[in-house]
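Trainee: Please take a close look at the charged side-chain pairs in this model, and end with the nonpolar surface.

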Amino acid sequence: MKTTNLCFVSDLSQHLGETVCLRGWMRAMRSSGKIRFVEFRDGTSTCQCTVEASKPDAFAALEGCGQESSLTLTGTVREEARSPGGVELSIETVEVHQQAMEYPISRKEHGVDFLMQHRHLWLRSPRQGAILRIRHRVITAAREFFDQRGFTLIDTPIFQPGAAEGAGTLFELDYFGSPAYLAQTGQLYLETAAMALGKVYCFGPTFRAEKSKTRRHLTEFWMIEPEIAFVELEDLQELSEEFLLHVVASVLTHQQAELEELGRDVGALERIQAPFPRLTYSEAVELLHSPELHAKLETELAEAQDAVAQVKEELSQKEQQVSQVTKAWKVEKFNQEIQELQDQIRELDRWIAHQPAHIEDAKTFQWGKDFGGDEETILSRQFESPLIVSEYPREVKAFYMKQNPDDPRTVRNLDVLAPEGYGEIIGGSQREDDLDTLLARMREEGMDPEPYQWYLDLRRYGSVPHGGFGLGIERTVSWICGLKHIRETIPFPRLMGKMTP
RNA sequence: UCCAGCGUGGCUCAAUGGUAGAGCGGGUGACUGUUAAUCACUAGGUUACAGGUUCGAGUCCUGUCGCUGGAGCCA
């Protein structure tokens with residue numbers, strides 16, 4: 001498409017006084033008789049454009065254009081205090097590519113179900129755009145981190161013959177008459193590549209058939225997994241720390257505008273610093289049992305009750321204000337805010353109601369159990385930086401994790417828990433590199449070693465200490481963006497019972 | 001799989017068991033500085049579905065389906 005002086009909205013302010021051409025979509029149009037205001041977006045940003053009746057062709061061209069009509073606009077750029085953003089395009093000519101009518105997503109509030117059914121259009125909204133840009137930054141920063149350290153990208157297969165972990169969580173499919181499964185990790189293959197190239201990573205989709213309907217789960221998500229020869233648990237702890245610091249710093253450097261669009265508390269991200277707190281599983285259990293923690297949880301409970309009182313105060317103020325408002329849509333806006341406050345109160349109340357049970361669970365937590373979401377939340381909320389928990393009981397972890405030489409009850413693994421209660425974003429381990437120990441462990445799990453001969457070969461031919469971890473992209477994005485639900489972190493989320501669009 | 005909550009115009013929501021309504025969005029018209037513009041007029045409904053109770057059901061009861069959140073499992 002031939003255009004002259006093509007320009008993007010994001011750098012409009014560098015073209016003051018010039019005649020430029022913008023291509024994009026109409027987000028909204030307001031009219032005041034002889035002047036029309038076009039809110040215009042082109043994928044980089046949004047700006048206000050105006051056209052006056054003194055330009056009859058351009059003025060008429062916008063007639064009948066609904067929200068999301070596609071347009072090419074030419075006009076002059078000028079400073080304008082009355083325009084949001086301070087810059088405005090005075091339109092000279094309008095080319096309408098397509099007149100859109102009755103765009104389903106209005107600028108009012110919508111329910112989640114409706115938005116999810118219109119996910120293909122929902123992506124056009126500013127908030128979703130901001131999340132997708134941050135997702136891109138997280139992925140770019142993650143790859144950059146490993147690339148700069150001499151890692152080689154290895155693509156592991158998505159069709160896989162069996163499970164690395166529990167088989168019940170895999171999607172089974174028919175592979176020319178034989179059962180096959182969608183990958184839930186590239187790890188076993190990655191280990192072979194680490195023995196070939198030393199430092200490797202994979203980045204791809206992974207699939208879990210878990211029937212989880214929560215704000216933290218997808219059935220299809222993306223994971224980046226490094227795997228390194230000649231490393232032990234302590235090296236992995238350090239690597240995961242440097243890795244997360246790099247990703248967070250990169251987002252803070254490049255995506256301030258997006259974090260602001262999302263209303264993210266940037267301070268919480270800025271306060272993250274090395275060294276991250278490190279606890280062994282046993283220390284974490286001790287922490288759960290400690291009276292200091294219980295006292296702190298009691299304090300949190302009291303604070304939450306104060307918070308409820310505060311929100312209720314705010315609520316009654318709003319309810320008073322609403323009676324003085326006459327415009328119907330403003331009343332409705334107030335009602336929406338009131339609704340939100342009531343939701344907040346309900347959530348806090350639920351948290352308060354469960355808190356005694358949480359404290360009790362923490363007190364009575366038994367060594368040997370895996371941490372549930374509640375324990376993870378309690379632990380990670382004690383720190384401002386991500387928390388590294390290592391050396392879990394062997395029974396609750398996968399067969400390939402290296403047995404702890406100092407304590408055969410535990411393995412040399414690590415989980416990294418994001419702050420603010422976002423839970424596990426990294427899971428990994430040093431791998432069992434001794435053939436006999438690994439075989440014994442597989443027998444313990446009732447696994448047939450036969451299909452794993454290729455994997456066991458790594459322990460026969462030049463075995464070395466090695467390990468790696470996996471970072472869930474969506475959980476990381478969810479945490480960095482401060483989102484309530486993981487479904488907004490991926491363009492087309494796959495959830496239990498949801499495949500379209 | 002289990003527990004809880006919710007299904008009313010395209011969207012967001014109202015409606016003591018008694019005539020189904022508002023705002024937004026759509027359409028028509030007015031307005032040269034709008035910021036979810038404003039104002040006037042207008043079209044739009046088998047209240048998720050199937051039974052039941054009742055003189056009368058959007059509202060009460062039973063079942064089905066769908067959605068949402070949580071548990072378990074996990075990144």
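Mentor: Helices (H or I, at least four residues) and strands (E, at least two) are DSSP runs, numbered from the N terminus. The model is predicted, so local features need pLDDT of at least 70 and side-chain atom pairs count only at pLDDT 80 or more, while totals for chains, interfaces and linings use all residues. Residues are numbered from 1 along each chain as its sequence is written, chains are lettered from A and ligands numbered from 1 in the order in which they are written, and side-chain values use heavy atoms, with hydrogens and water left out.

The count is 30 salt bridges, each a side-chain nitrogen of Lys or Arg within 4 Å of a carboxyl oxygen of Asp or Glu.

One of them joins Arg459 to Glu191, at 2.8 Å from N to O. This pair ties together distant parts of the chain, 268 residues apart: Arg459 belongs to helix H14 (residues 453-460) and Glu191 to helix H5 (residues 187-197). Are the two partners buried or exposed? Arg459 is buried because its relative accessible area is 6%, buried being under 20%, exposed over 50% and partly exposed in between (1.4 Å probe, protein chains only). Glu191 is also buried, at 0%.

A second bridge runs between Asp113 and Lys498, whose closest N and O atoms are 4.0 Å apart.

The bridge from Arg409 to Asp407 has its closest N and O atoms 3.4 Å apart. Arg409 is partly exposed, at 46% relative accessibility. Elsewhere, salt bridges link Arg78, Glu80, Arg82 and Glu88 into a network.

Now the nonpolar surface. Phe159, Tyr175 and Phe176 make a nonpolar surface patch of about 400 Å². Such a patch takes residues with over 30% relative accessible area and no salt bridge, joining nonpolar side chains (Val, Leu, Ile, Met, Phe, Trp, Tyr) within 5 Å and like charges within 9 Å; the areas come from the Shrake-Rupley method with a 1.4 Å probe, and for residues only the protein chains shown count as cover. Tyr175 is part of strand S8 (residues 172-175). Its class is partly exposed because its relative accessibility is 37%.
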